[in-house]
Amino acid sequence: MNKFQESRMKKISNSVTAIFFPLEKWRYFFLFQSKAQAVSWIVTVLGCMVFITYLLSLDGDDNIPLEGVLLGAAIGATFSLMAVLPAKFMVRDNGLGMLDEIEVRLLRMNYVEEKRFNKIVVYRQNLPRLLRWEEGNIRISEEGDILVVSGGYVSLWKLRRSLLKKYL
């Protein structure tokens with residue numbers, strides 16, 4: 001690795017902030033961030049529970065605790081809500097073309113550009129509408145030489161890690 005690459009790596013690693021949660025703390029106790037997300041999650045979980053109940057009824061084995069299986073399914077599905085809790089991190093560009101770096105990594109994470117206007121770019125997961133929420137979108141806004149990257153916590157964690165991984 002030459003000195004130019006080492007210098008670039010150091011600048012990039014120093015320009016990415018930690019992830020933070022921008023909303024008031026009480027907002028994170030209520031996992032649903034929108035009515036559409038709540039309805040989608042409830043319908044999906046109830047549909048899965050009906051399907052699980054049907055499958056278990058075919059077996060005829062009364063030893064399987066149906067309540068436990070259904071409760072486990074609901075608890076497991078809750079992790080999908082926690083994955084899209086709103087979070088942010090910031091990146092100082094420093095003339096390093098960081099917007100391009102972020103966009104390449106988002107494409108590798110199976111995100112596609114949804115819209116671009118003024119100094120804002122919105123990426124969404126490349127999934128059918130039924131399997132994604134607006135809360136999972138990643139929004140990049142330019143504020144001078146600072147890029148504010150906001151979206152679901154887990155996706156931002158992966159994105160930030162991929163930005164730092166190459167440069168640490």
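Analyst: Glu113 has a relative accessibility of 38% and therefore counts as partly exposed (buried means under 20% relative accessible area, exposed over 50%, and partly exposed in between, with a 1.4 Å probe and protein chains only). The model is predicted, so local features need pLDDT of at least 70 and side-chain atom pairs count only at pLDDT 80 or more, while totals for chains, interfaces and linings use all residues. Residues are numbered from 1 along each chain as its sequence is written, and side-chain values use heavy atoms, leaving out hydrogens and water.

The side chain of Glu113 meets that of Arg116 in a salt bridge, with 2.9 Å from N to O (a salt bridge is a side-chain nitrogen of Lys or Arg within 4 Å of a carboxyl oxygen of Asp or Glu). Arg116 is partly exposed, at 43%. Salt bridges with shared partners join Glu103, Glu113 and Arg116 into one network.

The side chains of Glu103 and Arg116 form a salt bridge at 2.5 Å, N to O. Because Glu103 lies in helix 4 (residues 98–108) and Arg116 in strand 2 (residues 111–117), this pair ties together parts that are 13 residues apart in sequence. Helices (H or I, at least four residues) and strands (E, at least two) are DSSP runs, numbered from the N terminus. Glu103 is buried, at 10% relative accessibility.

The whole structure contains six salt bridges. Another of them pairs Asp145 with Arg92 at 3.1 Å, N to O. Asp145 lies in the loop between strand 4 (138–143) and strand 5 (146–152) and Arg92 in strand 1 (residues 86–92), so parts 53 residues apart in sequence are tied together. Asp145 is partly exposed at 38%, and Arg92 is partly exposed at 39%.
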